[in-house]
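Open the model in your viewer and keep the selection tool at hand. The tour moves from one selection to the next.

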Amino acid sequence: MKLLEGKSVIVTGAGGGIGRDFALAFAAAGANVVVNDIGSSVKGEGSDAGPARQVAELINKSGGSAVASTDSVADWESANRIIKTCIDAFGRIDAVVNNAGILRDRFFFNLSPEDWNAVIDVHLNGSFYVSRAAAPHFKSRESGSYIHMTSTSGLIGNLGQANYAAAKLGIAALSKSIALDMARYHVRSNCIAPFAWSRMIGSIPTETEEQKARVEKMKVMETAKIAPLATFLASDLSKDVTGQIFAVRANELFLMSQNRPLRSVHRAEGWTAETIASHALPAFSSHFYSLDRSQDVFSWDPI
Ligand SMILES: NC(=O)c1ccc[n+]([C@@H]2O[C@H](COP(=O)([O-])OP(=O)(O)OC[C@H]3O[C@@H](n4cnc5c(N)ncnc54)[C@H](O)[C@@H]3O)[C@@H](O)[C@H]2O)c1
């Protein structure tokens, strides 16, 4: 019996990149798959039914079972249609992968409300809409697995990605909240922060020799390397795993930390701005985090 035999899984943004490899891996593991993708550009412009249909066709031709869905995650009604597509086609939902995404990178001082909203709509609102639409099904079956794609851009930091980082850290909080609220129904919710050579990071310039060498190293971060963790999280092998954040980079797997108090100071009489400066600051400052970006923390080449 295959690992996901009899299960039905929805993968959003599955027309290309990481999501496409998720859909193929889930199907190979025996799952029925809803291949959802609007077929937009990286910036979220335009739409094309082709990518979702092609991936579904590929799965069906190789003996698997898939349906294409071209509804957007970024709208409540349309997110509900994605869930309905799965129920209509397969009669049940066992896992939802919130993977659809776009980028509108701008330095914060140039970030327009349109570029802020577009990114929040697809990532954070989209993850909420799709998860919320699936919730009644998971609740009534008393089982289900949510898998959300976060990013070290939000968990750690990155230049020029205020919209994306805020959405991705919001998704980590959404996942933890779902894990807490739905634990009583045996529903689990986890995040994956992937590193993968997809079109999303494929626009890095390769003009200098140094840039070319950097990009060559990045190409080992194949999108297919993220799929085994997603397959594990969609399967019963992860039945006791919830509220966690994992990262994957080529052959490396990481369990990421979550915020906890780091250091505390106490004064019986309470604090003033001055005593914070004279007493708390010296106690805290050696523990302050520097302005790290993701690449400062993941500072070694992918393995
Ligand atoms: N590639 C990386 O290194 C990396 C790093 C961190 C996080 N991620 C996250 O992983 C996920 C997949 O990224 P990828 O690198 O494969 O990118 P990608 O651009 O190849 O795939 C994203 C897909 O989402 C689809 N999409 C966009 N808006 C949609 C909408 N409203 N409804 C449905 N589908 C929509 C696109 O058409 C596209 O096919 C994203 O959530 C991304 O933020 C990727």
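How do the residues of the lining of the largest cavity divide into nonpolar, polar and charged? They divide into five nonpolar, six polar and one charged. Here Ala, Val, Leu, Ile, Met, Phe, Trp, Tyr, Cys and Pro count as nonpolar, Asp, Glu, Lys and Arg as charged, and the others, Gly among them, as polar.

The model is predicted: local features need pLDDT of at least 70 and side-chain atom pairs count only at pLDDT 80 or more, while totals for chains, interfaces and linings use all residues. Residues are numbered from 1 along each chain as its sequence is written, and side-chain values use heavy atoms, with hydrogens and water left out.

**Stop 1: the cavity.** Select Thr12, Val73, Asn98, Asn99, Ala100, Val122, His123, Gly126, Ser127, Val130, Lys168 and Ile171, which line the largest cavity. On a 1 Å grid over the protein atoms alone, a cavity is a set of points where a 1.4 Å probe fits but cannot get out, a pocket is an open set with protein on both sides within 12 Å along at least five of seven lines, and lining residues have an atom within 4 Å of a point. The space in this cavity is about 50 Å³, a volume being the space filled by probe spheres set on the points, which are joined across faces, edges and corners. Helix α4 gives the most to the lining, with five residues.

**Stop 2: α4 and α6.** Now select residues 113-141 for α4 and 162-182 for α6. Helices (H or I, at least four residues) are DSSP runs, numbered from the N terminus. The two pack at an angle of about 15°, with their axes 8 Å apart. Axes are lines fitted to C-alpha atoms over the stretch in contact, and angles run from 0 to 180 degrees between N-to-C directions. The angle therefore makes α4 roughly parallel to α6, a label for angles under 35 degrees. The contact (heavy atoms within 4.5 Å) includes Trp116 and Phe128 in α4, and Tyr164 and Leu174 in α6. Its residues divide into 15 nonpolar, five polar and three charged.

**Stop 3: the second largest pocket.** Select Leu155, Ile156, Leu169, Ser257 and Asn259, which lie nearest the centre of this pocket among its 23 lining residues. Its space is about 750 Å³. The largest share of the lining, four residues, comes from α6.

**Stop 4: α1 and α2.** Finish with residues 17-28 (α1) and 50-61 (α2), whose axes are 10 Å apart. Arg20, Ala23, Leu24 and Ala27 in α1 meet Val55, Leu58 and Ile59 in α2.

Methods. Angles under 35 degrees count as roughly parallel, over 145 as roughly antiparallel, 65 to 115 as roughly perpendicular and the rest as oblique.
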